[in-house]
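Subject: Structure handover

Hello,

Here is the structure for you to look over. My notes follow below it.

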Amino acid sequence: MPKKPYVFTSAQLRYLELLARSYPTIQSVCTQIIDLQAVQNLPKATEHFMSDLHGEYEAFYHILNNCSGVIREKVQLLFGDTLSKEQCSELCTLIYYPREKLKRVKREQPEMDGWYRQTFAQLIALCKLLSSKYTRQKVRQALPPEYSYIIDELLHAQPDEDDNQLYYHQKIVDTIISIDNAEPFVCAMAALIKQLAVDCLHIVGDIYDRGPRADSIMDMLMEHHNVDIEWGNHDILWMGAACGSEACIATAVRNSLAYGNLSTLENGYGISLRPLTLFAARTYQNAPSAERAAHRAITVMLLKLEGQVILRNPDFAMSDRLLLDKIDAQRQTVALSGRCYTLKDPDFPTVDPADPYALSPEEAQVLAELKAAFKESRQLHRHVQFLYARGAMYRCYNHNLLYHGCVLLDESGQLLTVQMGGRSLRGKAYMDYADSMARKAYFGHLHGSKKVFARDFMWYLWCGRYSPLFGREKMTTFERMYIADENTWEERKNPYYTFYNSEKTCKMILQEFGLRGSHSHIINGHVPVRAQRGESPIKGGGRLIVIDGGFCRAYQPTTGIAGYTLIYNSHGMRIMSHQPFADTERAIDENEDILSRSQVFETEVARLMVQDTDKGSRVSDQLYDLSLLLTAYRQGDLIPKLPASQAGRMPGGYEEDEPNTSAPGPVS
């Protein structure tokens, strides 16, 4: 029986007419189908997950360079039998820091030509290995433009009977060396190797605060070939400050002072604290130092601004955090949860008991100058706009759910319903609402109370009772600053952090975001894993992985390690635990790498291919559309153009249109 003709709807034909502009001939459709089917059967590319960087620029730079140990593994795989351990380390360091390492090599090597030839051969071999899981087109797109033709030739050498190709490639290498172009060529090859080693980088929140140079990390991320960011509460804080939230501005300044870290604020973003320090010196004269006076001054200003936000927004349900009006100045005590506590530091010279949350005229002037500085920092806004462009509250990627903080749960382990903005929200809907409000706060053309609420909500996402980025009942800024009793410092976590040990709960959360199946996991940051106490980063029966292991130096005494990174490739998932990083100079001089331990916790029985990924789903959709176009051509529902080789003049002087030469090639 002949196959029944496919009957197209008018809407399908209109769409196929548009698709036909890119694929005007039957052969162009067939070629694209062949290409896409081939792409589907390539191995899944490597993903790299990191979180809670907290301004630790040098450690981040090194782990980004060594791709969490992937580079070293590939070097040992290729050269473990022919190079010594020291030689492998030397080659790895060259790839991590090519310019810096070459300076040292030149001082030690009496003759560089032979060294360059040997090194070129090693770098080309490593590139060939790493490029094997990509289409040739994608590799070409990754090539540095200034060397794209040369590297492409060297990567795709084919043996021949008379060694013509070998001689040709030797001449290429000889010419690079003879014209003094070897050093930039090594740097270009090192960059290509690192790009091929990791196809996609996921930053699961908290780039900012604590460490010295969050701005430098942002510069590096903006140069990365493929990165996405899931916002953390420390990121949203700086985004809120850029939006003009006064509470976020005061918090960002206070954090910088509290962590003894002004580099990002002053050097990175050009925001001067001089107005604050001058005001603090006049007002808090009993402080032991200028820095301590500034810290006291901004803390009192912050408590006032937070009080204003809480009073404006009853939906935030944070009236218990209004503490300035609970101070008894004569007794030097504060009433908290039905008890009176003696204040460690009863110095509140600007607090008016009749209106405790009003800024004094001098405080208002200091805040106005800080706000102007945040508004006018071009570098800050450049970074914040990148955070919006590449960032989100959460992301579903290759069957995994990525978010920084938590999905709020109630005491019974069910999704918690939050009343916000006149709506009842929970789970994915609440995360989507938070994402939308964060974007409106910066980009939205809002006025009046709507604009004020959007900015207030940015502060709420930083530390609010039901913020999915914060995930705690309260932030005890006041208690830690003014009350000696450490029992008042407790910040009780949302029940999520108990229930996420349950596989059932993790599956429920994944299903809430439309993810099902054995390949789905939650990738989580925010709360450091106490590895030295035996805590595992793998929770919920392997369904949830916490990758905050103490990247920030301040957390390392608690965690016992210097961070986790997660690697997900075609063979499965493994988590890398890292030891503290000394410094970049030592790494270059002594070829010292970060000591890392790999824990494979999920190995695929069958190797994962592109067809198993999100990209594979998109390619499947393209294949279906192309198959319909091919059917429409072959049934006569649409008329294909003639191939160029067959096109000629038609009767009456009509000439067949030239085929569209801008049709896309294979999917990268």
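What volume does the second largest pocket have? The value is about 730 Å³. A pocket here is an open set of points on a 1 Å grid over the protein atoms alone, with protein on both sides within 12 Å along at least five of seven lines; lining residues have an atom within 4 Å of a point. Grid points are joined across faces, edges and corners, and a volume is the space filled by probe spheres set on the points.

This is a predicted model: local features need pLDDT of at least 70, side-chain atom pairs need 80 or more, and totals for chains, interfaces and linings use all residues. Numbering runs from 1 along each chain as its sequence is written, and side-chain values use heavy atoms, without hydrogens and water.

**Second largest pocket**

The lining has 27 residues. Asn 65, Ala 191, Lys 194, Met 220 and Glu 223 lie nearest the centre. Helices α3 (57–66), α6 (98–108), α11 (182–197) and α12 (214–223) each give two or more residues. Helices (H or I, at least four residues) and strands (E, at least two) are DSSP runs, numbered from the N terminus. The largest share, 7 residues, comes from α11. By class, the lining has 17 nonpolar, 5 polar and 5 charged residues. Nonpolar covers Ala, Val, Leu, Ile, Met, Phe, Trp, Tyr, Cys and Pro; charged covers Asp, Glu, Lys and Arg; the others, Gly among them, are polar.

**Cavities**

The whole structure has 6 cavities of 30 Å³ or more. A cavity is a set of grid points where a 1.4 Å probe fits but cannot get out. Helix α17 supplies the largest share, 3 residues. The lining divides into 8 nonpolar, 1 polar and 3 charged residues.

**Cores**

Trp 459 turns up again in the largest nonpolar core. That core has 134 residues, and Leu 221 and Trp 459 have the most contacts inside it. Helix α17 (residues 290–312) gives the most to this core, with 11 residues. A second, separate core of 53 residues includes Val 70, Val 75, Leu 126 and Met 189. A nonpolar core is a set of buried Ala, Val, Leu, Ile, Met, Phe, Trp, Tyr and Cys residues joined through side-chain atoms within 4.5 Å. Buried means under 20% relative accessible area, exposed over 50%, partly exposed in between (1.4 Å probe, protein chains only). Buried residues make up 53% of the 668 residues in the protein.

**Aromatic pairs**

There are 27 aromatic pairs. Rings of Phe, Tyr and Trp (its six-membered ring) pair if their centres lie within 6.5 Å; planes under 30 degrees apart count as stacked, over 60 as edge-to-face and the rest as tilted. The rings of Tyr 96 and Tyr 97 have centres 6.4 Å apart and planes at 85 degrees, so this pair is edge-to-face. Tyr 96 and Tyr 97 are buried. For Trp 238 and Phe 374 the centres are 6.2 Å apart and the planes at 45 degrees, so that pair is tilted. Trp 238 sits in helix α13 (residues 233–243) and Phe 374 in helix α18 (residues 361–376), 136 residues apart.

Ser 570 lies in the loop between β15 (564–569) and β16 (572–578). Ser 570 is buried, with a relative accessible area of 1%.

Best wishes
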